[in-house]
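Reader: Please take a close look at one helix-helix contact in this model, and then place it in its surroundings. Give the cut-off behind each term as you go.

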Amino acid sequence: MRHIISILLENESGALSRVSGLFSARAFNIESLTVAPTEDPSLSRMTIVSVGSDDIIEQITKQLNKLIEVVKVVDLSEAAHVERELMLVKVRATGKDREEMKRIADIFRGRIIDVTESTYVMELTGNTAKLDAFLEAIGSTLIIETVRTGVCGIGRGDRILKV
């Protein structure tokens, strides 16, 4: 099962290394990882997406809570949450493909943010499935380069990750 683990940790050097090291020490894969400071500059929020059984994720969560830098850990997948990912895609856009790329971007609510004579750079946000569907709709022959941020997520309603 896919899990989105949100971690509030002290914003100091080496914290990211210790958290990711915990995963690698247990031969557990991280599918995506995002980290940035929060509204409190002394804290960072890390979001990790990983696939594993509930038991394995529970064990990792317990191990994360033992790290000194970690303030709080929440598995967002356990309750209602909102998740998004940002993707930038550079595509070939010449001849008839130019209009087709514009049309596909509109369908997926993407924006063309850079235009040259032969390429477009498009920006999309959404869940992972939406971004994957967009790439499939374009087709691999027109894609030049893809950059994705990884998932970030937040609990819905009263569910918060704060000290």
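Author: Helix α3 (residues 96–107) packs against helix α4 (residues 128–138) with their axes 11 Å apart and at an angle of about 160 degrees. Helices (H or I, at least four residues) and strands (E, at least two) are DSSP runs, numbered from the N terminus. Axes are lines fitted to C-alpha atoms, for helices over the stretch in contact, and angles run from 0 to 180 degrees between N-to-C directions. The model is a predicted one, in which local features need pLDDT of at least 70 and side-chain atom pairs count only at pLDDT 80 or more, while totals for chains, interfaces and linings use all residues. Residues are numbered from 1 along each chain as its sequence is written, and side-chain values use heavy atoms, with hydrogens and water left out.

The two helices, α3 and α4, are therefore roughly antiparallel to each other; angles under 35 degrees count as roughly parallel, over 145 as roughly antiparallel, 65 to 115 as roughly perpendicular and the rest as oblique. Their crossing, α3 with α4, is right-handed. A crossing is left-handed if the near helix is turned anticlockwise from the far one by less than a right angle, and right-handed if clockwise.

On the α3 side the contact (heavy atoms within 4.5 Å) involves M101, I104 and A105, which meet F134, A137 and I138 of α4. By class, the contact of α3 with α4 has six nonpolar, no polar and no charged residues. Here Ala, Val, Leu, Ile, Met, Phe, Trp, Tyr, Cys and Pro count as nonpolar, Asp, Glu, Lys and Arg as charged, and the others, Gly among them, as polar.

F134 also takes part in an aromatic pair. Rings of Phe, Tyr and Trp (its six-membered ring) pair if their centres lie within 6.5 Å; planes under 30 degrees apart count as stacked, over 60 as edge-to-face and the rest as tilted. By this rule there are two aromatic pairs. In one of them, F108 and F134 have ring centres 5.3 Å apart and planes at 80 degrees, so the pair is edge-to-face. F108 sits in the loop between α3 and β6 (111–115) and F134 in helix α4, 26 residues apart, so that distant parts of the chain are linked.

Helices α1 (residues 15–25) and α2 pack at an angle of about 145 degrees, their axes 11 Å apart, and the crossing of α1 and α2 is right-handed. V19, L22 and F23 of α1 make the contact with I60, Q63 and L64 of α2. Its residues divide into five nonpolar, one polar and no charged.

Next come the strands, where two strands pair if DSSP finds at least two bridges between them. Strand β5 (residues 81–92) has antiparallel partners, among them β7 (residues 119–126), joined to β5 by eight bridges. R92 has T119 of β7 as its bridge partner. Five bridges join β5 to β8 (residues 143–148), also antiparallel, with V91 partnered by I143. Four bridges link β5 and β9 (residues 152–155) in the antiparallel sense.

A further sheet is open, with four strands in the order β2-β3-β1-β4 and antiparallel pairing. Its edge strands are β2 (32–37) and β4 (70–75), each pairing on one side only. Helix α2 (residues 54–66) lies across β1 (2–10) and β4, running at about 165 degrees to β4.
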